[in-house]
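Have the model open while you read.

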Amino acid sequence: YTMDSAFTPAGAPVTVLSGLPLTGDHPMHPFVIDSAGQLFMDVGSKTNSCQVKNRTRKSPGINPCTELETRGGIWTYDATRTGQTYSPAGRYATGIRNAVGMAFDPSGQLYSTMHGRDQLGDNWAGLYTPLQGADLPAEELLEIKKGGDYGWPYCYFDSTQKKLVLAPEYGGDGGKKVGVCDKKTEPAKYFPAHWAPDGLVFYNGAQFPASYKGGAFIAFHGS
């Protein structure tokens with residue numbers, strides 16, 4: 001895989017980063033670059049919830065989820081260097097199923113959206129009703145910190161209880177157990193389930209009313 005974000009004077013592409021994972025549920029790699037030339041890149045999960053058998057009824061989660069070694073987070077590299085190779089060492093934050101939208105706020109703080117997991121009702125009918133499967137989990141806007149862990153796949157954000165709870169693949173009981181989720185980072189904001197947040201941009205212009213200044217616009221594609 002070649003990230004063609006740098007070019008020679010003659011216009012020929014050069015390789016900034018190679019070896020990115022290109023399989024599974026989320027093979028694309030959105031990225032942003034900060035003012036210092038640091039590249040922050042989404043490496044989405046290859047599965048829904050790190051099950052032994054992906055998207056299969058009552059299949060348990062792999063524990064620990066080895067997928068997190070190489071996916072399910074944000075990686076960082078130098079956007080001004082060529083010939084870099086993707087590896088676990090580049091991981092900046094973890095526990096993020098798929099960070100499609102990434103942007104810096106006016107202060108330079110990195111945020112990302114996250115596509116929440118699916119099939120709570122379909123795969124765990126004994127624990128969730130069809131309505132709960134439609135209403136859970138919340139979609140999230142995350143404030144990204146170096147070394148942060150945002151919970152996937154062990155946890156999901158329950159918008160009814162307004163907290164992270166344990167996923168059924170990892171011993172969750174339909175929303176009561178918290179377990180390791182009390183040590184994960186909760187979202188900065190959350191939205192209704194399955195809206196699928198994609199584009200993210202912070203407004204720093206002067207055309208809209210002053211109350212919009214510094215606020216975030218998010219585009220959702222829905223499910």
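## Ground rules and overall build

A quick word on naming: helices (H or I, at least four residues) and strands (E, at least two) are DSSP runs, numbered from the N terminus. Keep in mind that this is a predicted model.

By that count, the protein chain has two helices and 14 strands. Its radius of gyration is 18 Å, close to the 17 Å that the globule rule gives for 223 residues, so the chain is as compact as a globular protein of that length. Along its principal axes, the C-alpha trace spans about 60 × 45 × 30 Å.

Of the 223 residues, 48% are buried. The chain exposes about 10700 Å², and carbon and sulfur atoms supply 55% of that area.

As for contacts with a separation of 6 or more, 57% of them come from residues 24 or more positions apart.

## His26

Start with the loop between β1 (17–18) and β2 (31–33), where you'll find His26. Is His26 buried or exposed? With a relative accessible area of 7%, His26 falls under the 20% cut-off, so it counts as buried.

A polar atom of the His26 side chain sits 2.9 Å from the backbone oxygen of Ser45. Ser45 also turns up among the contacts of His26 once neighbours within four places in sequence are set aside; the others are Gly44, Thr47, Arg71, Arg97 and Asn98.

## His194

Further along, His194 lies in the loop between β12 (189–191) and β13. Its relative accessibility is 17%, so His194 counts as buried.

Which backbone oxygen lies 2.9 Å from a polar atom of the side chain of His194? That one belongs to Gly133. Not counting residues up to four places away in sequence, His194 touches Gly133 along with Arg117, Asp118, Ala134, Leu136, Pro137, Glu139, Gly222 and Ser223.

Val201, Phe208, Tyr212 and Phe217 make a nonpolar surface patch of about 350 Å².

Zoom in on one of them: Tyr212 is in the loop between β13 (197–202) and β14 (216–220). Tyr212 has 38% relative accessibility, so it counts as partly exposed.

Key: Residues are numbered from 1 along each chain as its sequence is written. This is a predicted model: local features need pLDDT of at least 70, side-chain atom pairs count only at pLDDT 80 or more; totals for chains, interfaces and linings use all residues. Side-chain values use heavy atoms; hydrogens and water are left out. Patches are made of residues with over 30% relative accessible area and no salt bridge: like charges are joined within 9 Å, nonpolar side chains (Val, Leu, Ile, Met, Phe, Trp, Tyr) within 5 Å. Accessible areas come from the Shrake-Rupley method with a 1.4 Å probe; for residues, only the protein chains shown count as cover. A salt bridge is a side-chain nitrogen of Lys or Arg within 4 Å of a carboxyl oxygen of Asp or Glu. Buried means under 20% relative accessible area, exposed over 50%, partly exposed in between (1.4 Å probe, protein chains only). A polar contact is a pair of N or O atoms within 3.5 Å; within protein, one must be able to donate a hydrogen and the other to accept it, and residues adjacent in sequence count only if both atoms are side-chain atoms. Contact means heavy atoms within 4.5 Å. The radius of gyration is taken over C-alpha atoms; the globule rule is 2.2 Å times the number of residues to the power 0.38.
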